[in-house]
Structures are given as C-alpha cells and as structure tokens.
Amino acid sequence: MRAALAEAAASGEDVPVGALLVNSDGDIVARGHNTREVDHDPTGHAEIVAIREAARARGDWRLEDLTLVVTLEPCVMCAGAIVAARIPRVVFGAWDERVGASGSLYDLLRDSRLGGSVEVIAGVLEAECSAQLKEFFAKRRQGE
C-alpha cells in the first residue's frame, strides 16, 4: 500500500489515487494513478490505468493471478472493470462513502450475480490513504 500511496502522489492536479497490480510474489506488474484531468478522460481512474497497463504487458485481458492494491475504494466503473478482468483480490485503503462500490455504498465486487466473488481486504493504511485525499481537497478549497 505504501507503493500505491507513492503512485497516488504522482497524480498531479488530479485526485490522488494510486493503484498497483501485484503478482503472488508481491512484484508490481502494473501501476496507475488518476489521469482524468491530464488526459481529459473520465475513465482515467487509477484502477483502469493499471488494469490497461497489465493487460497490454501480458497480452491478455484475464488478470486472474493478480491482486489490485488501491488507495481508495473502487467506484462502480472500476468495480466492473475488476470483475471483467477476473482479478480475484482487491486491497484498498480509504473507504469512499460517496461512490464506493466495494462494500460501502455498493458491494459489486462480492455480488455473485456478476459471475464470481472478489476477495476484498479493506482499510489497509486507511488513515494514511484518507489523509492524502483530505490534504488534496483542503488545498483545492484554499485555491492552491
């Protein structure tokens, strides 16, 4: 999760969210951070960026042996991509009570009607992940 926090810091003007896909040995296979602002792309969420990178690197959309580590609870769009990529495990830091789809507002990752259940490990380094986001939004409100 510390590496995901560092990746989130690379988000620049975008909301600082970082995501990693790691293999069973803990090696980082792909990284992503939010790129919506820089790419003018509403799908530029950290999870989507990392999933695309991993799929391209492997030449396969099935990421069945990887774990997604992300600093913020995935939203509906990202949860759908996680299920579609067949990622079996998601580890996240901060909860997203506003649009979270991995146990807070919705629980799409563990909804068996979508074809399988993703293991969810929530709240890892939650205080640090939340603090990074709160600091970003506080600065934005101050006009920095």
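Tutor: H3 passes H4 in a left-handed crossing, meaning that the near helix is turned anticlockwise from the far one by less than a right angle. Helices here are DSSP runs of H or I with at least four residues, strands are runs of E with at least two, and both are numbered from the N terminus. This is a predicted model, in which local features need pLDDT of at least 70, side-chain atom pairs count only at pLDDT 80 or more, and totals for chains, interfaces and linings use all residues. Residues are numbered from 1 along each chain as its sequence is written, and side-chain values use heavy atoms, with hydrogens and water left out.

Helix H3 covers residues 46–58, and its axis lies 9 Å from that of H4 at an angle of about 25 degrees. Axes are lines fitted to C-alpha atoms over the stretch in contact, and angles run from 0 to 180 degrees between N-to-C directions. H3 is therefore roughly parallel to H4, a term for angles under 35 degrees. On the H3 side the contact (heavy atoms within 4.5 Å) involves Glu47, Ile48 and Ile51, and on the H4 side Met77, Cys78, Ala81 and Ile82. Six of these residues are nonpolar, none is polar and one is charged; Ala, Val, Leu, Ile, Met, Phe, Trp, Tyr, Cys and Pro count as nonpolar, Asp, Glu, Lys and Arg as charged, and the others, Gly among them, as polar.

The phi of Arg86, a residue other than glycine, is positive, near 60 degrees. Arg86 has 41% relative accessibility, so it counts as partly exposed, that is, between buried (under 20% relative accessible area) and exposed (over 50%), with a 1.4 Å probe and protein chains only.

How values were computed: Angles under 35 degrees count as roughly parallel, over 145 as roughly antiparallel, 65 to 115 as roughly perpendicular and the rest as oblique.
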